[in-house]
Amino acid sequence: MEDISSRGYSQPDLLVSTDWVMKNHAAQGVRLIESNEDILLYSTGHIPDAVNVDWTVDLNDHVRRDYITRQGFEQLMSRIGVTPDTTVVFYGDKNNWWACYAFWVFQLFGHKRAKVMDGGRVKWEKEGKPLTRDVPTIKPTSYKAPERNDVVIRAFREDVLKHISAKNLLVDVRSPEEFTGERLHMPNYPNEGALRGGHIPGAKNIPWSKAVDPDTGEFKSAAELRKIYADEAGFQPSKDIIAYCRIGERSSLTWFVLTYLLGFKNVRNYDGSWTEWGNLVNVPIEK
Amino acid sequence: MNDSTKIPERLSALLKLFDSVTDMDERAALLVSYADRFKSVPPEISSRPFPEEHRVSICESQAYVWGVPDGEGRLTFYFAVENPSGISAKALASILASTTLGARPEEIVNLQSDIVERLFRKDMSMGKGMGLMGMVEMMRAIAASYVARPAKASA
């Protein structure tokens, strides 16, 4: 694909290429973060100098279904050697689902110096770039974080109920089979406990994968993305939009695309997603 | 341990070893060492495209399981993992294949899905855990088909 800077993105600096990472992975002030679905993948080999951030262990609260607190985020940042001035670069498996999810959680704590490596781990591997099993030695840092801000980019079920009452836009990024209720889970995945199939009323189904070039794993150009989200689905950059999937990981990718690649101003991720909505009592569902 | 709870000895020993590994990095390294030794199902047993009936339907790593009897009442299990990033599935397959080699079906049906938590960890994601447990459940189902049904008690 063409260079990131030529693709017409709203904030092209939020994406970096594999070549950029190749040159900068050891640079001072840069911290590579791998975030995967498979908990062992990092240990089989990762980009030199990258640290592992596991979404279940490092980002989620271990008791409540919620994210880590300010204190937990500060401890995480200290462990992975990040200061407020560090540029963190996320990458991972599954076309960067978990990388975007981690990126999104970092934004709940306002860490603005953050980027995503376009194409993720698969592109890096396909290009034959080096992987290592050496875990970098990290000097712990001191990081003072603000309280987690759940208002701007995160939606809760009450927000979704108000949102659908106001007939605002919802994007369901799951597979068409999950959207219609034919499946309670994505193809080849187990059902993670949803009692009902279908979608939130009024949602439009735009699977996350539409934003990604299937051959390279890179994000499509802004023109291609605008065709999908604006021309075909009718989404406008100024509108209030909530994205959801099953637990909020795939919708993090779509949130990233709408917010940073297309410049939409008011996009929130509903991380409760279908594993919450599909179990809630007395909420409306469409099939 | 009675017959209704006995599992293959090598697997039991390995589970005890994993129970003693509390450092997560050490545990990951141990699991990866098994994943590195993973051998896919040999062509004399099956070849691509693998039959759907051997597929673990809920495993996103596209795992397949075969149980082959040796004629003396014992089973050998083979696995395929088609997702190259399915390292956890490869590690589990490697462990299960090597520690159940030559086990009796009665021992396999006693496997519990908590094996996955003991080998990996308790706080793994539900999706990942269920996929891996699906591999164990498929082994149990295969073994169950080889376990002689007990004679019906007379009235």
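## Domains of chain A

The C-alpha centres of domain 1 and domain 2 of chain A are 21 Å apart. The domain assignment of chain A places domain 1 at 4–126 and domain 2 at 157–277; such bounds are taken from an automatic or database domain assignment. This is a predicted model, in which local features need pLDDT of at least 70 and side-chain atom pairs count only at pLDDT 80 or more, while totals for chains, interfaces and linings use all residues. Residues are numbered from 1 along each chain as its sequence is written, and chains are lettered from A in the order in which they are written.

## Contact between the two domains

In chain A, 21 residues of domain 1 are in contact with 20 residues of domain 2, contact being counted when the C-beta atoms of two residues, placed from the backbone, lie within 7 Å. On the domain 1 side, helix H4 (97–108) and helix H5 (120–126) of chain A each supply at least two residues. H4(A) gives the most to this side, with six residues. Helices are DSSP runs (H or I, at least four residues), numbered from the N terminus.

By class, the side of domain 1 of chain A that touches domain 2 of chain A holds 11 nonpolar, seven polar and three charged residues. Ala, Val, Leu, Ile, Met, Phe, Trp, Tyr, Cys and Pro count as nonpolar, Asp, Glu, Lys and Arg as charged, and the others, Gly among them, as polar.

## Contact between the chains

Chain B has 23 residues in contact with 16 residues of chain A. Helices H2 (24–36), H3 (87–99) and H6 (126–144) of chain B are the elements that give two or more residues to the side of chain B that touches chain A. H6(B) gives the most to that side, with six residues. The class counts for this side of chain B are 12 nonpolar, eight polar and three charged residues.
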